[in-house]
Each structure stands twice: as structure tokens, then as C-alpha cells.
Amino acid sequence: MHFNLPLEPATLIKRYKRFLTDIVLADGSTRTIHCANTGAMTGCAEPGNTVWYSTSDNPKRKYPNSWELSQTAAGHQICINTARANQLAVEAIENGTIVELLGYEELRTEVKYGNENSRIDVLLSDSNKPNCFIEVKSVTLLDEEVNGQGYFPDSVTTRGQKHLRELTEMVNSGSRAVLLFTVLHSGIEKVSAAHHIDAKYSLLLKQAQDAGVEVLCYKAELSNTEITLTQAVEFISN
């Protein structure tokens, strides 16, 4: 996924009201930009971090700039814009990077499904095999004390719990179901469920795997010009 223009750097002052972020530009001026991340952003939003932001040409936007990447004091790069995860997943499926998801005739996004009023992120279909329901999650929480260990979620997620129930039901009804973790943190090399943060999510994920839900993890390469999912990393069950 290429950015229309290279991202521009600034210094983070603070994130607040969930969707707003104040930054300091190179000339010393301050600016408020949009933050498309409703999560805890643990370790991703420390004051003084370098922020990389994009600029929209939509004249109707109140805040034309969007926070895309963080660069931490340790040098890690993190994509904090959760909207990018689905875009990256679709791109990686279509270009064949995610080899486990090759061979389907049609790809659709945001399709209604399930018994809990959900929308699946990606639905793959083919006349010769069962549909494949894919839920996409972005992983940005790094355990600073364990080399390369990433976790999902970074806060309790009732929405994520619902998605696991829906995926399990799809498998039980004869379809294929996949939980795809997009690793958007340069320091993460392996992923686990964050039992210490959301024990119910961890339990539901174990139950989903036992039922036949597949878990895939693919890591992104990040820069101020593009983000691309490039390689599989290990998922370690609790």
C-alpha cells in the first residue's frame, strides 16, 4: 500500500478524546491531527515519539492530517492507523503474499454475516469450495520484557469476543474461518492472545481454534512511503 504522498514527521505532544492528537512540526508550530485508533495504544503514543502523518485533499475534513505511524525511542516503527489493517490484508490476499488464502474466485469486504449482526472484514468465495470468512486484527502491543513478543488485544474487546463467536459458528456450519493478525509493529516477531489483558478473549480464541478456526499472522514492512505485509510470523497459543 503506497501513500499518495510521503508521510511527514512531527513530534507527539499528546493524544486525547480518542480521535485527536496534538503534534509539534519541524518549524515549532503545533497542529491537531486525526487519530484513527480507538484502542489503548499501549507503547505506541508516548509524548516525544516521532509521528508520521498523511494529508488528505478532502476539503470537507475538519482535520486534514491523519496519524499513520509512530517511531518510538527504541527505534521501532508502528502503524497506529487501524483502518490500514484491512487494506493491507486485501492487498496481500490479492497479490498472493498470504499463501494460505490463494485460489478463490471472488473477494468481497464488509459483508453482513452471523447471528450477532456482524460484518466480516473479508469474504472469499469459490464455486468449488466453501466460503472463507476472514476477520482482520492489527497487532501493535509489544512486551518490552520478552524479545519480539506481541499480544492482541491491548484492551478488553467485547467486539473482538463477538467476532470469535461468529467465526466459530461459521466453521460449525461448514464454512472456512480465519483470524488474520496483521503485525504492524517492527519489533514484534511472534503473537499470542493477551490473556493478562482480556482473559475471555483468550479463552474464546482457544475454543475457536479447537473448533477449526485458523489463525494466521503476517508482518508488515513500514516506511514513510508504503506499508506492505511481507512475511508470516508465528502464533503461539496460550
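Analyst: What follows takes the sheets first, then the pockets, then the cavity. This is a predicted model, in which local features need pLDDT of at least 70 and side-chain atom pairs count only at pLDDT 80 or more, while totals for chains, interfaces and linings use all residues. Residues are numbered from 1 along each chain as its sequence is written, and side-chain values use heavy atoms, with hydrogens and water left out.

User: OK. In what order do the 6 strands of the open sheet come?

Analyst: The order is S7-S8-S9-S12-S14-S15, and the pairing is mixed. Strands here are DSSP runs of E with at least two residues, helices are runs of H or I with at least four, and both are numbered from the N terminus. Two strands pair if DSSP finds at least two bridges between them.

User: Which strands stand at the edges?

Analyst: S7 (106–113) and S15 (227–232). Each has a single partner strand, so one side of each is left without a neighbour in the sheet. On average, neighbouring strands of this sheet are turned by 35° against each other, direction ignored. Axes are lines fitted to C-alpha atoms, for helices over the stretch in contact, and angles run from 0 to 180 degrees between N-to-C directions.

User: What packs on the sheet, touching S7, S8 and S9?

Analyst: Helix H2 (residues 158–172) does, and it also touches S12 (176–183). The direction of H2 makes about 160° with that of S9. Helix H3 (residues 199–211) packs on the sheet too, touching S12 and S14 (214–222), with its direction at about 135° to that of S12. Contact means heavy atoms within 4.5 Å.

User: How many residues of S12 are buried?

Analyst: 8 of the 8, so S12 is largely enclosed by the rest of the structure. Buried means under 20% relative accessible area, exposed over 50%, and partly exposed in between, with a 1.4 Å probe and protein chains only.

User: Which residues point which way from S12?

Analyst: Arg176, Val178, Leu180 and Thr182 point one way, and Ala177, Leu179, Phe181 and Val183 the other. In a regular strand the side chains alternate between the two faces of the sheet.

User: In what sense do S9 and S12 pair?

Analyst: Parallel, over 8 bridges. Ile134 has Val178 in S12 as its bridge partner. S12 and S14 also run parallel, joined by 6 bridges, and there Phe181 is partnered by Cys217 in S14. S8 (residues 118–126) and S9 (residues 129–139), on the other hand, pair in the antiparallel sense over 4 bridges, with Asp126 opposite Lys129 in S9.

User: Next, the open sheet of 4 strands. What is its order?

Analyst: S10-S11-S13-S16, with mixed pairing. S10 (141–142) and S16 (234–235) are its edge strands, each pairing on one side only. S13 (residues 190–193) runs parallel to S16 with 2 bridges, and Lys190 has Glu234 in S16 as its bridge partner.

User: Which residues lie nearest its centre?

Analyst: Of the 35 lining residues, Thr38, Thr82, Lys137, Ser138 and Arg159. The elements giving two or more residues to this lining are H1 (83–94), S8, S9, S11 (149–152) and H2. The lining has 12 nonpolar, 14 polar and 9 charged residues. Ala, Val, Leu, Ile, Met, Phe, Trp, Tyr, Cys and Pro count as nonpolar, Asp, Glu, Lys and Arg as charged, and the others, Gly among them, as polar.

User: And what is the volume of the second largest pocket?

Analyst: About 350 Å³. Of its 19 lining residues, Asn4, Ser54, Thr55, Ser56 and Arg84 are closest to the centre. S4 (50–55), S5 (65–71) and H1 each give two or more residues to the lining.

User: Last one: how many cavities of 30 Å³ or more does the structure hold?

Analyst: The structure holds 1. About 50 Å³ of space lies in the largest cavity, and its lining includes Ala193, Phe235 and Asn238. H3 gives the largest share of that lining, 4 residues.

Note on methods
1 Å grid on protein atoms, 1.4 Å probe; cavity = no way out; pocket = protein on both sides within 12 Å on 5 of 7 lines; lining within 4 Å. Points joined across faces, edges and corners; volume = space filled by probe spheres on them.
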